[in-house]
Amino acid sequence: MTADTEPPRDRIPGEPGIWVMIMGDLFVFALLFGTVAYYRMQEPALFHASQPALNQGLGLFNTIALLTSSLLVVLGLEAARHDEAARALRLVRGAQLLGLMFVVVKAVEYYQKGGEGLLPDTNTFFMFYFVLTGMHLVHVIVGLVALHVMSRIVRHAPSGTSPRNLPLAECCALFWHMVDVLWVVLFAIFYLHR
């Protein structure tokens, strides 16, 4: 990018609307996390007994996949800003691949839990587990659509990341980062907290 097309260093990435949406989403999830904490305090033995049924290895794999995908998105956006369209596209597609792997692993995990007879109506722990991770899975799928949009933008760098298009690519990246943050909290709540 040339000096006349480079965005100012002191500007907030994306558009104001994405920040409103992200803050709203985070608020809703914060309420849900608080609700889980309340029920965990009401039924500590049930939560403690149910948690080992989750596969920590799959949860950790998904955590690493999403965190790595976030790093690839950051690097891809930076490559696009520096007129490296091919590199930017490879990085964003790598992030998409990791996001798809997350979806596949989560589907395998749901299938395993169903095969073991552990469903949302099993107990409070599994009700919260399926509802919250299911809501998050929907966010991952929407995030994958956002990454597809981002890949179309960075594919045409530098023209695709002109000051007019750069905020849209940033909005896609911001949404994906929110998806990752939510998963880290869900991983801690369901897979790690004892």
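Predicted model: local features only at pLDDT ≥ 70, side-chain atom pairs only at ≥ 80, totals over all residues.
Trainee: Okay, how many salt bridges does the structure hold?
Mentor: There are five of them. One joins Arg81 to Glu78, with 3.2 Å between the closest N and O atoms.

Trainee: And where do Arg81 and Glu78 lie?
Mentor: Both are in helix H3, which covers residues 56–81. They're three residues apart, about one turn of the helix.

Trainee: What's the relative accessible area of Glu78?
Mentor: It's 33%, so Glu78 is partly exposed.

Trainee: Which other residue forms a salt bridge with Arg81?
Mentor: That would be Glu170, where the closest N and O atoms are 2.5 Å apart. This pair links distant parts of the chain, as Glu170 sits in helix H6 (residues 166–192) and Arg81 in helix H3, 89 residues apart.

Trainee: Is Glu170 buried or exposed?
Mentor: Glu170 has a relative accessibility of 3%, so it counts as buried. Taken together, Glu78, Arg81 and Glu170 are linked in a network of salt bridges.

Trainee: Got it. What about Glu109, which side chain does it meet in a salt bridge?
Mentor: Glu109 meets Lys106, at 2.8 Å from N to O. Both lie in helix H4, three residues apart, which is about one turn of the helix.

Trainee: And why does Lys106 count as buried?
Mentor: Its relative accessibility is 0%, and buried means under 20%. Glu109 counts as buried too, because its relative accessibility is 0%.

Trainee: Let's switch to the rings. How many aromatic pairs are there?
Mentor: The count comes to 15 aromatic pairs. One of them is Tyr110 with Tyr129, an edge-to-face pair with 6.2 Å centre to centre and 85 degrees between the planes.

Trainee: Why is that pair edge-to-face?
Mentor: The planes of Tyr110 and Tyr129 are 85 degrees apart, and anything over 60 counts as edge-to-face.

Trainee: Which parts does the pair tie together?
Mentor: Tyr110 lies in helix H4 (residues 85–115) and Tyr129 in helix H5 (residues 124–154), so the pair ties together parts that are 19 residues apart in sequence.

Trainee: Are those two tyrosines, Tyr110 and Tyr129, buried or exposed?
Mentor: Tyr110 and Tyr129 are both buried.

Trainee: Last one: which residues form the aromatic cluster?
Mentor: Tyr110 and Tyr129 belong to one aromatic cluster, along with Phe47, Phe102, Phe125, Phe126, Phe130, Trp183, Phe187, Phe190 and Tyr191.

How values were computed. Residues numbered from 1 in each chain as written. Heavy atoms only, no water. Phe/Tyr/Trp six-rings, centres within 6.5 Å; stacked < 30°, edge-to-face > 60°. Helix = DSSP H or I, 4+ residues; strand = E, 2+ residues; numbered from the N terminus. Buried < 20%, exposed > 50% of the residue type's maximum accessible area, 1.4 Å probe, protein only. Salt bridge = Lys/Arg side-chain N within 4 Å of Asp/Glu carboxyl O.
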